[in-house]
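Me: Let's go through this one. Keep it brisk.

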Amino acid sequence: MGIGKWESFLENHIEGFFNKRFSSSLEMAELIKGIEKEVARQGRGKPKHGLPNHYEFIMAPDDYQHFCAQRVLDELYTAVEKQVILQDYLMEGNLKVACRAEAERTQGTFSLRSWYEEEKPAGNSDESVHTIVLERPSFSSSTPLNLPREYKTASLRVTEGPDLDAYLEFGEKQIYIGRRDKNEFILTDSRASRLHAWISYESHRHVLHDAQSTNGTFVNDRRMESCCLQDGDAIRIGSTVLRYEVI
């Protein structure tokens, strides 16, 4: 098989497989790069909402012992969420990220599988004892206050207006924007309404909604009732411009 065909085979059939030449251990950067490529591969030629919601890394037992820590799975989970935004896709259902040990796999290599999985009934899991999975439910306005730690994927920063450089990082939790004191992002702009807009988390994307404000909400100079935000979008509220970015 020629070099070009071999590279094409790797991309189309075992994307996410890496073998380091100078080290016997995996690094986090390799796994995140694998996520970036897998999201791109799975999204190619499919409907915008057609991404898989289950990602499984298969690695050698020694590498598994290194990467099965909860903080590592948290980082991989967040990396998937960020790639969904950066590559402008939607994902239905709860996201799951898993690591699984495979005795036959060479240390320093991994493969990444992904698929769409419906939610299973509680207490009916068939996960292997050699697998660790991270799954976090979606947040909503009705979620109780005893929430797990939230992992930030995006930010808002004021780039124009009286609140210049005001900054907020956020993730799956709904946030409110405007002049009232109980908003998550408080503005002092007199042209902003008390509750001017809010951002919800839908299909693993941040969606901006205008709250029937007096002066309207604009994204990239277009007035919007609601808008699925993309990295770099400029949101104008009154005399204030906020930049939405993946962090």
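**Salt bridges, strands and cores**

Reply: Start with E36: its relative accessibility is 33%, so it counts as partly exposed. Cut-offs: buried is under 20% relative accessible area, exposed is over 50%, and partly exposed is in between (1.4 Å probe, protein chains only). This is a predicted model, so local features need pLDDT of at least 70 and side-chain atom pairs pLDDT 80 or more, while totals for chains, interfaces and linings use all residues. Residues are numbered from 1 along each chain as its sequence is written, and side-chain values use heavy atoms, with hydrogens and water left out.

Me: What does the side chain of E36 meet in a salt bridge?

Reply: K33, at 3.8 Å, N to O. The rule is a side-chain nitrogen of Lys or Arg within 4 Å of a carboxyl oxygen of Asp or Glu. Both residues lie in helix 2, three residues apart, about one turn of the helix. Helices (H or I, at least four residues) and strands (E, at least two) are DSSP runs, numbered from the N terminus. K33 is partly exposed too, at 36%.

Me: How many salt bridges does that rule count?

Reply: Seven. One of them joins E56 and R113 at 2.5 Å, N to O. E56 is in strand 2 and R113 in strand 4, so the pair ties together parts 57 residues apart in sequence. E56 is buried at 6%, while R113 is partly exposed at 39%.

Me: And K96, which residue does it form a salt bridge with?

Reply: E117, with the closest N and O atoms 2.7 Å apart. K96 sits in strand 3 and E117 in the loop between strand 4 and strand 5, 21 residues apart. K96 is buried at 9%, and E117 is buried at 15%. Elsewhere, shared partners join E56, R100 and R113 into one salt-bridge network.

Me: Which side chains make polar contacts with E117?

Reply: H54 at 3.4 Å and W115 at 3.3 Å. A polar contact is a pair of N or O atoms within 3.5 Å; within protein, one must be able to donate a hydrogen and the other to accept it, and residues adjacent in sequence count only if both atoms are side-chain atoms. H54 also stands opposite W115 in strand 4.

Me: How do strand 2 and strand 4 pair?

Reply: Antiparallel, over six bridges. Pairing needs at least two DSSP bridges between the strands. Five of the seven residues of strand 4 are buried, so it is largely enclosed by the rest of the structure.

Me: New topic. What's in the largest nonpolar core?

Reply: It has 26 residues, and F57, M59 and L76 have the most contacts inside it. A core is a set of buried Ala, Val, Leu, Ile, Met, Phe, Trp, Tyr and Cys residues joined through side-chain atoms within 4.5 Å. Helix 4 gives the most, with seven residues. Apart from it lies another core, of 22 residues, including F170 and I237.

Me: I237 again. Which residue is its bridge partner?

Reply: T217. That is part of strand 12 pairing antiparallel with strand 15 over three bridges. Both belong to an open, antiparallel sheet of six strands, ordered 7-6-16-15-12-13. Strands 7 and 13 are the edges, each pairing on one side only.

Me: Last one: how many disulfides?

Reply: Zero in the whole structure. The cut-off is a pair of cysteine sulfur atoms within 2.5 Å.
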